[in-house]
Amino acid sequence: MTMAVPFLVSLPGTRARKLLAAGTMTTALVIAAWMSGAMAWTQNILRDATLDGLMDISADAGIKLRQITVTGRGRTDPDDLLGAVDLPRGAPLLELDPSTVRTRLEQLPWVRLATVERHLPDELHITLVEKTPIALWQNGSDFRMVDADGSVIGPMLPEYSHLPLIAGRGAPDAVSDLLTLLSAEPDIMQRVRAAVRVGSRRWDLWIDAVGEGGTEVKLPEFDTNAALSRLAAMDREQKLLERGLEMIDLRVLDRMIVRAAPTMQTRSTPAGKGRTQPPTLPAAGPARNA
């Protein structure tokens, strides 16, 4: 009885490594045999054959696509992957250009890096490195996931609604550096609900809440780490962020300007976990004007 072979197969890492080693050896042996003249075709036939004819000859010899194996696929749509390969089952495997397929794969929303290898006689192996969302970029009423390279992946998925919210021109490109700076002050970082890139030069942070009930912290363009350290020290010593302030301006190196909320009240740190939708930056506020 003949058993059907799946055309597209996702493999775990160990199996992929074994297939890679076996496929590499197979490829080397076939190419060596071809180059040495051990294959069944004579030099005259190869010399006179057109490219299409050569593809037909290779397919007749069994060098045709029977299966695609993939490692590293988590979010990439299988249909998008097959579309990037753009070669039907049974087509001559040598007809496929790995570099062209790699370029198409790396244009897919979730794919950061791809490698494409022909494993003769009948298999194509693809290894993907997918993007990891690190923040949500608000552009008007639209929320998009972005990765550490600043690449916009696509519309927000519910499981990523807890990620930091960013807005403003140039925010995706600069968010990785911002998160690195904030990681040096974890007590501040866990209270940041959103960050707005202003003039593609500096950041405004929203602490505890976005808009009403939150504190807007204006960071300087330079010496941002020193400003964050000063804010963290003031909060540890004087509970600054629990005083219900509307704004803290740290843009001048040797001074701190604060503005009290219209009705000033002490607040405790709100829990930021469990939300299924990201907060929305005020439509008339800095997100619009950044």
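Which residues of strand 11 are buried on one side, and which on the other? I took this up as the opening entry, keeping in mind that the model is predicted.

**Entry: strand 11**

I looked at strand 11, residues 215–218, and found both of its faces covered. T215 and V217 are buried on one side. E216 and K218 are buried on the other.

**Entry: neighbours of strand 11**

I then looked up the strands paired with strand 11. W206 has E216 of strand 11 as its bridge partner. Strand 12, residues 245–249, runs parallel to strand 11, with 3 bridges between them. Here I noted K218, whose bridge partner in strand 12 is D249.

I also followed the chain from strand 11 to strand 12. Helix 8, residues 224–238, makes a β-α-β unit with these two strands, and the unit is left-handed.

**Entry: charges on strands 10 and 11**

Next I asked which residue forms a salt bridge with K218. The partner is D204, and the closest N and O atoms are 3.5 Å apart. K218 lies in strand 11 and D204 in strand 10, so the pair ties together parts that are 14 residues apart in sequence. I checked the burial of the pair: both K218 and D204 are buried. I also noted a network of salt bridges that links R202, D204, E216 and K218.

**Entry: salt bridges elsewhere**

How many salt bridges does the structure hold? I recorded 13. As background, I wrote down that side chains of opposite charge can pair when their charged atoms come close.

One of the salt bridges joins E159 to R75, with 2.5 Å between the closest N and O atoms. This pair links distant parts of the chain, 84 residues apart. I placed E159 in the loop between strand 7 (152–155) and strand 8 (165–167). I placed R75 in the loop between strand 2 (67–71) and helix 4 (78–85).

R144 forms a salt bridge with D142, and the closest N and O atoms are 2.8 Å apart. R144 has 28% relative accessibility and therefore counts as partly exposed. D142 is partly exposed too, with a relative accessible area of 30%.

Notes
Residues numbered from 1 in each chain as written. Predicted model: local features only at pLDDT ≥ 70, side-chain atom pairs only at ≥ 80, totals over all residues. Heavy atoms only, no water. Buried < 20%, exposed > 50% of the residue type's maximum accessible area, 1.4 Å probe, protein only. Helix = DSSP H or I, 4+ residues; strand = E, 2+ residues; numbered from the N terminus. Pairing = 2+ DSSP bridges. Right-handed = clockwise from strand over helix to strand, strands pointing away. Salt bridge = Lys/Arg side-chain N within 4 Å of Asp/Glu carboxyl O.
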